[in-house]
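Please read the points alongside the model.

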Amino acid sequence: MLRVRERKPIESWLTDMDGVLVHEGVPVPGAPEFVNRLRSSGKPFLILTNNSIYTARDLQARLRRIGFDVPESSIWTSALATAQFLDTQRPGGTAYVIGEAGLTTAMHEVGYILTDTEPDYVVLGETRTYSFEAITAAIRLINNGARFICTNPDATGPSNEGALPACGAVAALISKATGIEPYFIGKPNPMMMRSALNSIDAHSETTAMIGDRMDTDVLCGLEAGLETILVLSGISTAADVERYPYRPSRIIPSVAHLIDEI
């Protein structure tokens, strides 16, 4: 008879940001209190985001304005994970980067040189204004041998006017033109989870991942061996869960229901 091993108590927490802590620019009810409880508990935690536009300091300031007191060191972005990955693969390398300050700053901080002259990598991140000229340059550099990296596979991003094309959509355009698929760093690649765990010296057996999306947060946490908690305050609904061949460890209305567990 197959025995299911009980998980160890949760000692570390990873949580997505949009849809879990913040929804359409407003704190999810109970989310600031949840983060405060995490901080006072002394347990390691990280707030994760696939968005590579902002630096951790930018996000810290944005969160502070809406009532969250979070240290910069507790924010982990796909830009930081991408820079860390490239630093392990080819330290002191060169890259042609399409993105904003979150990505370019992270690349500079690991010692990368940003150039359009025979770069080791083309790194595609998110930006509010994708340039056709920059995309064309990326295509030509990849055709000439540059390796193709993308911060995350999200096809669209939100805006006040509706959906915007995001990293995954632009990556598909470049792949169609070059025949080369990128390596995606952000969720649902468990690389994002492992880099986050390493940055807070946490272990998968005693860490939980909280997210609002089955196809990224839950999948990523599951593949990294974490306890997965789906909150219904964002994208995925309880009915959506039944469409997937995998399930979260738990489904709860929001992070407010976790405060007493910290």
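Which residues line the second largest pocket?

1. This is a predicted model, in which local features need pLDDT of at least 70, side-chain atom pairs count only at pLDDT 80 or more, and totals for chains, interfaces and linings use all residues. Residues are numbered from 1 along each chain as its sequence is written, and side-chain values use heavy atoms, with hydrogens and water left out.

2. The lining of the second largest pocket consists of Tyr-54, Thr-55, Ala-56, Arg-57, Glu-72, Thr-77, Leu-80, Gly-102, Thr-105, Ala-106 and Glu-109. Helix H2 (56-65) and helix H4 (101-109) are the elements that give two or more residues to this lining, and H4 gives the most, with four. A pocket is an open set of points on a 1 Å grid over the protein atoms alone, where a 1.4 Å probe fits, with protein on both sides within 12 Å along at least five of seven lines; lining residues have an atom within 4 Å of a point.

3. The space in this pocket is about 170 Å³, a volume being that filled by probe spheres set on the points. By class, the lining has four nonpolar, four polar and three charged residues; Ala, Val, Leu, Ile, Met, Phe, Trp, Tyr, Cys and Pro count as nonpolar, Asp, Glu, Lys and Arg as charged, and the others, Gly among them, as polar.

4. Helix H5 (residues 132-143) packs against helix H6 (residues 167-178) at an angle of about 45°, with the axes 10 Å apart. H5 is therefore oblique to H6 (angles under 35 degrees count as roughly parallel, over 145 as roughly antiparallel, 65 to 115 as roughly perpendicular and the rest as oblique).

5. In the contact (heavy atoms within 4.5 Å), Ile-135, Ala-138, Ile-139, Ile-142 and Asn-143 of H5 meet Val-170, Leu-173, Ile-174, Ala-177 and Thr-178 of H6. Eight of these residues are nonpolar, two are polar and none is charged.

How values were computed: Axes fitted to C-alpha atoms, helices over the stretch in contact; angles between N-to-C directions.
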